[in-house]
Amino acid sequence: MDFEDFPETSEPVWILGKEYNALTEKDEILSDVTSRLWFTYRKNFPPIGGTGPTSDTGWGCMLRCGQMILGEALVCTHVGRDWRWARGQEQREEYISILNAFIDKKDSYYSIHQIAQMGVGEGKPIGQWYGPNTVAQVLKKLAVFDTWSRLVVHVAMDNTVVIEEIKRLCMPWLDAACCEPEGAAELNGCREGACALAEEETALWRPLVLLIPLRLGLSDINEAYIETLKQCFMLPQSLGVIGGKPNSAHYFIGYVGEELIYLDPHTTQPAVDPCDDGQVPDETYHCQHPPCRMHICELDPSIAAGFFCRTEDDFDDWCMRIRRLSCNRGGLPMFELVDSQPSHMVSADALNLTPDFSDSDRLERFFDSEDEEFEILSL
């Protein structure tokens, strides 16, 4: 397959919050793109569920895009956005741990096996195609088991991001501190309850992966959203966008002019096994040809946009930038940012559910649709 070289253009190139000049920084652009984790179809991996498929060719593209957007969050968490991959360089321990979380076997945190099996609970049989919302819901559930990364994956439903809800999730000790009974004495110089956590834990914020499933039109993207979508790739917190065409998903990482830049999972490669020394043969996890591009108007309107906030300051900065964007006249806001839960949002009570784990899952599935049930944002 021939890959078109990157365009010679004076227009700025944006890749996940970083701006480049295509005329003078082509090597830097390609190095940045190559350093993103590239997950594609694989074949000859252990059967999913013990007896299921040994390849995800033809059905796993959105699952692979979910791995890519989460992989980017793990890179930002553990090695930093500015980390660069180079063929043959000695691998950092944290990077190997990230790759191991995605290796195609049942006990990797975010393997195709885990995603496919967790998807069964979302009503998607193994081997069935996912939409962006389903993969977001599954990643949210899997992240709970990843104690190394301590991520909070939050899926903002109903086109609404609720600041209070996110702060409660990312700083759970706040709730515990509020609930501390009066006169909870210090024990051996250390207060019980919330503060029994390590001191740095209480001071910290759990890194946030914010996924926002959106429907930006009916069958085609509404052009009123195009400028806003581009601006998402300019935010330093950007994790990109998963979406594409029906039954053909891509991971969008930036744009130049009217074209989106993306990583394409539609290449089948043999499954990889880690070496005995723990190293991972990793060349097939990095796209080493110029990235694919497509006109922004070709994008299917059903997407999920992703953002990563490592600290509370990052999140506050993101909120400020989103509010500033929504004041611009250049485009239509893609979602709403509110301080607290608006009354029009469906509550657990309205569905007659008690919000324990099993019911909150059912509540998510109430919202979980890939097609006609999305609230359509209109002018």
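Hi everyone, let me begin with a pair of side chains: Glu 72 and Arg 36 form a salt bridge, and their closest N and O atoms are 2.9 Å apart. Please keep in mind that this is a predicted model. Glu 72 sits in helix α2, while Arg 36 belongs to the loop between α1 (26-35) and β3 (42-43), so this pair ties together parts that are 36 residues apart in sequence. Are these two residues buried or exposed? Both Glu 72 and Arg 36 are buried.

In total, the structure holds 19 salt bridges. Let me show you two others. Lys 141 forms one with Glu 122, with 2.7 Å between the closest N and O atoms. Here Lys 141 lies in helix α5 (residues 132-143) and Glu 122 in the loop between α4 and α5, so the pair ties together parts 19 residues apart in sequence. Lys 141 and Glu 122 are buried.

Then there is Arg 323, whose side chain meets that of Asp 339 in a salt bridge at 3.3 Å, N to O. Arg 323 is in helix α10 (residues 312-327), and Asp 339 is in the loop between β15 (336-338) and α11 (357-367), so parts 16 residues apart in sequence are tied together. Arg 323 is partly exposed, with a relative accessible area of 36%. Back to our opening pair for a moment: Glu 72 and Arg 36 belong to one network with Asp 32, Arg 81 and Arg 84, joined by salt bridges that share partners.

Now to helix packing. Helix α2 (residues 61-78) packs against helix α4 (residues 112-120) at an angle of about 115 degrees, and their axes are 10 Å apart. The crossing is right-handed. Which residues meet there? From α2 we have Leu 63, Arg 64 and Gln 67, and from α4 Ile 112, Ile 115 and Ala 116. By class, that contact has four nonpolar residues, one polar and one charged.

Last stop: Ile 212, in strand β8 (residues 208-215). Ile 212 is buried, with a relative accessible area of 0%. Beyond its sequence neighbours up to four places away, Ile 212 touches several residues, including Ala 156, Val 161, Trp 318 and Phe 335. The C-alpha atoms of Ile 212 and Gly 306 are separated by 6.4 Å, although these residues are 94 apart along the chain. Thanks, everyone!

Methods: Residues are numbered from 1 along each chain as its sequence is written. This is a predicted model: local features need pLDDT of at least 70, side-chain atom pairs count only at pLDDT 80 or more; totals for chains, interfaces and linings use all residues. Side-chain values use heavy atoms; hydrogens and water are left out. Axes are lines fitted to C-alpha atoms, for helices over the stretch in contact, and angles run from 0 to 180 degrees between N-to-C directions. Helices (H or I, at least four residues) and strands (E, at least two) are DSSP runs, numbered from the N terminus. A crossing is left-handed if the near helix is turned anticlockwise from the far one by less than a right angle, and right-handed if clockwise. Contact means heavy atoms within 4.5 Å. Ala, Val, Leu, Ile, Met, Phe, Trp, Tyr, Cys and Pro count as nonpolar, Asp, Glu, Lys and Arg as charged, and the others, Gly among them, as polar. Buried means under 20% relative accessible area, exposed over 50%, partly exposed in between (1.4 Å probe, protein chains only). A salt bridge is a side-chain nitrogen of Lys or Arg within 4 Å of a carboxyl oxygen of Asp or Glu.
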